[in-house]
Amino acid sequence: MRTFIVKANKAHTSADFSLKDLPGTSGRIDLLCRVLNSAFLLSHGFRKNVRVWLSLYGPPNPPKAIRFEGQEIRPKTLNPDELSTAKLIIKALRAGEDLREPSKELMVLPGIYVSNMTFEDIVRKTLRSSSLYYLHEEGTPIEKVSFSQNVAFVLGDHEGLRKEDEAFLRGIAKKVSVGRKSYLASHVIAYVNIFLDGITPPP
């Protein structure tokens, strides 16, 4: 299983944004749509061995967590266009409006869950079953890392992780890098998937 945890510091936690202007009104939900595309979609297929956590910390009421489970998502639920993916996120945010318990997850659609889990909650939950890596320019080159079967990668949005997030990850996540430049989150995820495809025996 491959897990990607994306901390989005300004992504709205309410469906109060416009689909006609995702970059300008949503706190960069458009970026998260591209992340999901890179994580799951192949040219003629869909990755079932991937899980994505979107950790939203923007206005009005953070946090909000949306989990996408590749093994459960039905065919044609997730498509390449950003608009239909944004509609899935809106559906999740609306479904989670009345959630009160931090740890309770609500299924929105098969394979898509919403909760009030914090970034720290997500990381702690992931650590129970996966080795954790923090994708960062200054990390160990990815080709020099020996990965276990279940791996999880943490990365930030266009602004990166905050200092308190990095402090929390210190000692529990190993820094790994796909290059010394700062790349788009969606491109980093695509690269990691392609790299792991190359070192993982086909099913």
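Where is Ser-130 found? Ser-130 sits in the loop between helix 4 (119-127) and strand 8. That spot gets its own close-up further down; keep in mind throughout that this is a predicted model.

**View 1. Strand 6 meets strand 7.** Strand 6 pairs with strand 7 (residues 112-115) in the antiparallel sense, over three bridges. Look for Met-107, which stands opposite Tyr-113 in strand 7.

**View 2. Helix 3 and its buried residues.** Helix 3 has 14 residues and reaches 20 Å from its first C-alpha to its last, close to the 20 Å expected at 1.5 Å a residue. Which residues of helix 3 are buried? They are Thr-85, Ala-86, Leu-88, Ile-89, Ile-90, Ala-92 and Leu-93. Here is a handy rule for looking along a helix: an α-helix has 3.6 residues a turn, so residues three or four places apart point the same way. As for what covers the buried residues of helix 3, the list includes helix 1 (22-25), helix 2 (29-40), strand 4, strand 5, strand 6 and strand 7.

**View 3. Helix 2 beside helix 6.** Two packed helices are described by the angle between their axes and the distance between the axes. Helix 2 and helix 6 pack at an angle of about 10 degrees, and their axes are 8 Å apart. Angles under 35 degrees count as roughly parallel, so that is the label for helix 2 and helix 6. On the helix 2 side, the contact is made by Leu-31, Arg-34, Val-35, Ser-38 and Ala-39. Helix 6 brings Ala-185, Ser-186, Ile-189, Ala-190 and Asn-193. Sorted by class, the residues of this contact are six nonpolar, three polar and one charged.

**View 4. Helix 2 crossing helix 3.** Now for another partner of helix 2: its packing angle with helix 3 is about 105 degrees, with the axes 9 Å apart. Helix 2 and helix 3 are therefore roughly perpendicular to each other. Helix 2 makes this contact with Ile-29, Asp-30, Leu-32, Cys-33, Arg-34 and Leu-36, while helix 3 uses Glu-82, Thr-85, Ala-86 and Ile-89. The classes here come to six nonpolar, one polar and three charged residues.

View 5. Is Ser-130 buried or exposed? Its relative accessibility is 8%, so Ser-130 counts as buried. Leaving out residues up to four places away in sequence, Ser-130 touches Asn-150, Val-151 and Ala-152.

**View 6. Phe-46 and its contacts.** Phe-46 lies in strand 3 (residues 45-46), and at 24% relative accessibility it counts as partly exposed. Setting aside neighbours within four places in sequence, Phe-46 is in contact with Phe-40, Leu-41, Gly-70, Ile-73 and Leu-78.

View 7. Most residues other than glycine have a negative phi, and most peptide bonds are trans. The peptide bond from Pro-59 to Pro-60 is cis, with omega near 5 degrees, and another cis bond joins Pro-62 and Pro-63, with omega about -5 degrees. Both Pro-60 and Pro-63 lie in the loop between strand 4 and strand 5. Arg-28, in the loop between helix 1 and helix 2, has a positive phi of about 75 degrees and counts as partly exposed. Lys-76, in the loop between strand 5 and helix 3, has a positive phi of about 70 degrees and, at 75% relative accessibility, counts as exposed.

Technical notes:
Residues are numbered from 1 along each chain as its sequence is written. This is a predicted model: local features need pLDDT of at least 70, side-chain atom pairs count only at pLDDT 80 or more; totals for chains, interfaces and linings use all residues. Side-chain values use heavy atoms; hydrogens and water are left out. Two strands pair if DSSP finds at least two bridges between them. Helices (H or I, at least four residues) and strands (E, at least two) are DSSP runs, numbered from the N terminus. The expected span of a helix is 1.5 Å times one less than its number of residues. Buried means under 20% relative accessible area, exposed over 50%, partly exposed in between (1.4 Å probe, protein chains only). Contact means heavy atoms within 4.5 Å. Axes are lines fitted to C-alpha atoms, for helices over the stretch in contact, and angles run from 0 to 180 degrees between N-to-C directions. Angles under 35 degrees count as roughly parallel, over 145 as roughly antiparallel, 65 to 115 as roughly perpendicular and the rest as oblique. Ala, Val, Leu, Ile, Met, Phe, Trp, Tyr, Cys and Pro count as nonpolar, Asp, Glu, Lys and Arg as charged, and the others, Gly among them, as polar.
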